[in-house]
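Open the model in your viewer and keep the selection tool at hand. The stops below follow one another, and each begins with something to select.

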Amino acid sequence: MNYDVLSSDVVYDGKILQLVVDKIRYRSSGRESAREVVVKDDFVVAIPLLADGRLVLVNQFRHPFAARTATFPAGRVDPGEEPAAAAARELEEEAGYRCGKLTKIATVHEVPEFARCTGHVYLAEALEATAARREEGEATMTVEICTRAEVRRRILAGEQRSVTFTAAFFHLETARPE
């Protein structure tokens, strides 16, 4: 780091994120600048892997792009909650599965160019179907069963554009090759 942080101010404090502006000074020139940083709670991604090798995806509407997208069950880690517990909770709430085995396969930083947000990626196995417990904003969510080959095709065709989804799938492919 070639600068010092002079001050840090929260300029927006919302439900799911904060916007922090850090005032900095470069050591070599003395020039001052600002860094805008989005700060979010930790999040989890649960990759549900069925016994036959297929994946469970959830399809939901995403407001920022006004479009539906398929992804793995995911969500924030609640205050005081362990990431593994959050992954199991999101899997049940969104996809309607409980897992007998949950293995952490990666830690990722979501858009580190301007955000401070850490994601915990888990592989969920030994799945048992149960009732989904979706929140109001997830009411239109649907579940889709998909092969890895289909996921790969969608990513390469540009149909899956979520960096978080793509990173989680990459880690699945690395941790548990077919």
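Two strands pair if DSSP finds at least two bridges between them. Helices (H or I, at least four residues) and strands (E, at least two) are DSSP runs, numbered from the N terminus. This is a predicted model, in which local features need pLDDT of at least 70 and side-chain atom pairs count only at pLDDT 80 or more, while totals for chains, interfaces and linings use all residues. Residues are numbered from 1 along each chain as its sequence is written, and side-chain values use heavy atoms, with hydrogens and water left out.

**Stop one: strands**

Select residues 18-26, which form strand β2, and then β3; the two run antiparallel and are joined by eight bridges. Pick Asp22 and look across to Arg35, its bridge partner in β3. Five residues lie between the strands of this hairpin, and Gly30 there has a positive phi near 80°.

**Stop two: a salt bridge between loops**

A salt bridge is a side-chain nitrogen of Lys or Arg within 4 Å of a carboxyl oxygen of Asp or Glu. How many salt bridges does the structure hold? There are 20 salt bridges in the structure.

Select Glu110 and Lys40, which form a salt bridge with their closest N and O atoms 3.0 Å apart. Glu110 is in the loop between β8 (97-109) and β9 (115-116), whereas Lys40 is in the loop between β3 (32-39) and β4 (43-48), so the pair links distant parts of the chain, 70 residues apart. Lys40 counts as partly exposed, at 31% relative accessibility. Buried means under 20% relative accessible area, exposed over 50%, and partly exposed in between (1.4 Å probe, protein chains only).

**Stop three: helix α2**

Now select residues 148-156, helix α2, whose buried residues are Arg148, Val151, Arg154 and Ile155. These residues sit on the same side of α2 because they cover an arc of only 120° around the axis; the arc is that of the directions from the helix axis to the C-beta atoms. An α-helix has 3.6 residues a turn, so residues three or four places apart point the same way.

What do the buried residues of α2 pack against? Show β5 (55-62), β6 (67-71), β11 (142-146) and α3 (163-175) to see their partners.

Next, pick Arg148, which is buried at 3% relative accessibility. Leaving out residues up to four places away in sequence, Arg148 touches several residues, including Leu49, Leu55, Phe169 and Pro177. Contact means heavy atoms within 4.5 Å.

Glu150 pairs with Arg154, the closest N and O atoms being 3.0 Å apart. Both lie in α2, four residues apart, about one turn of the helix.

Then select Glu173 and Arg152, whose closest N and O atoms are 2.6 Å apart in a salt bridge. Glu173 lies in helix α3 and Arg152 in helix α2, so this pair ties together parts 21 residues apart in sequence.

Finish at Gly158, which follows α2 and has a positive phi near 80°.
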